[in-house]
Amino acid sequence: MLLADGYRRLRIAGARHVLADEATARAAVEAAVADGPGLVAVDGSDVIGFMVVPLPPRPGTTTARLGMTHHAARPEDARLIYRGLYEAVADAVVKLGCTYHSLPIPVEHDAAVAAFFELEFGVDQIDGILQIPEHVGQATSDGSVRPAEPADVDSIVELAIELAKYHARSPMFQVALLDVRSIRQGVEQSLSQPRSAVVVAESEGRVVAMAQAEPDRAFLDAFDIGMNVVTVEARGSGIGTSMLDFLVRWGSDAGYRYCTVGWTSSNLDSDAFYRSRGFSPTRYRLHRRIDTRVAWANEHFDYTAFRR
């Protein structure tokens with residue numbers, strides 16, 4: 001099976017991807033094909049590629065976001081396969097009003113990454129992985145980092161808002177919109193889950209940083225660091241490193257062998273931090289934003305009035 005074979009090829013840090021198992025991959029593809037329009041590429045009777053584009057969840061949605069189970073291609077022909085598949089499906093989703101296209105590609109799949117770069121995609125997110133050393137000791141607080149408590153939820157929400165505003169700065173320029181209610185609910189849920197961890201760091205009696213971790217959905221024996229924030233004035237003080245060390249020790253205590261994390265590629269601080277702490281990139285989330293004027297300035301546009 002194409003999908004399982006592609007993920008079996010991954011050799012980053014020795015971690016095993018869940019989709020490397022053929023039965024798991026088959027079940028995932030069977031579920032994915034119901035998400036929206038899809039096509040297959042064939043060579044004779046052999047399927048050598050496929051792409052499914054999830055339909056928008058509601059009218060007016062402008063994003064077509066593919067997941068790991070929505071596409072695959074035979075490695076030796078990946079460039080041509082992906083170019084052909086994208087050409088065939090992109091027109092349909094643009095006509096639905098979806099002008100922002102996004103999909104994940106493992107870093108090791110060079111031909112696939114190159115194919116989408118050539119199709120005007122760029123890197124939006126980077127996922128990285130760190131193998132946990134065998135002997136790291138138990139997770140203990142050094143006085144500044146501690147497990148979060150229900151009373152910290154308001155402070156954590158404020159940190160999330162600060163992070164959204166920080167991402168609006170150069171060179172990220174992301175829209176500072178945040179579903180505050182969902183953030184609060186997510187933190188409260190993590191605090192109640194025995195397999196999750198939420199830690200905070202304090203300075204002068206005030207919460208200035210937080211990080212949340214939970215089991216990773218992509219790699220076996222891995223936990224993933226989700227939302228993590230260090231307030232601007234506390235950066236460079238070692239608090240981020242202390243929180244990471246705490247979570248790595250927590251993960252080791254829980255039996256995990258790997259730690260994963262994702263960061264915005266244009267966030268220069270996060271990119272430098274995680275790479276310098278030993279995280280190896282595993283996956284890019286690529287995206288492309290199409291000019292919305294194509295809805296009327298297309299092959300049907302009448303230039304009669306402009307020819308004088």
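A cavity is a set of points, on a 1 Å grid over the protein atoms alone, where a 1.4 Å probe fits but cannot get out. Grid points are joined across faces, edges and corners, and a volume is the space filled by probe spheres set on the points. This is a predicted model: local features need pLDDT of at least 70, side-chain atom pairs count only at pLDDT 80 or more, and totals for chains, interfaces and linings use all residues. Residues are numbered from 1 along each chain as its sequence is written, and side-chain values use heavy atoms, with hydrogens and water left out.

**View 1. The largest cavity has a volume of about 80 Å³.** Searching the whole structure turns up one cavity of 30 Å³ or more. Its lining holds 13 residues, with V53, L66, Y86, H101 and F121 closest to the centre. Lining residues have an atom within 4 Å of a point. Helix 3 gives the largest share of this lining, four residues. Helix 3 and strand 5 each supply at least two. Helices (H or I, at least four residues) and strands (E, at least two) are DSSP runs, numbered from the N terminus. By class, the lining has 11 nonpolar residues, two polar and no charged. Nonpolar covers Ala, Val, Leu, Ile, Met, Phe, Trp, Tyr, Cys and Pro; charged covers Asp, Glu, Lys and Arg; the others, Gly among them, are polar.

**View 2. The second largest pocket holds about 390 Å³ of space.** A pocket is an open set of points with protein on both sides within 12 Å along at least five of seven lines. Here 16 residues form the lining, and A90, D91, V94, K95 and V294 lie nearest the centre. Helix 3 (residues 78–95) gives the most, with six residues. The lining divides into six nonpolar, five polar and five charged residues.

View 3. Two strands pair if DSSP finds at least two bridges between them. Strand 6 pairs antiparallel with strand 12 over seven bridges, and I126 has Y284 as its partner in strand 12. Strand 6 also pairs antiparallel with strand 11 over seven bridges; there, I129 is bridged to T260.

View 4. Contact means heavy atoms within 4.5 Å.

**View 5. H167 sits in the loop between helix 5 (153–166) and helix 6 (180–192).** H167 is buried, with a relative accessible area of 13%. Buried means under 20%, exposed over 50%, partly exposed in between (1.4 Å probe, protein chains only). Leaving out residues up to four places away in sequence, H167 touches M172, F173, Q174, T264 and N267.
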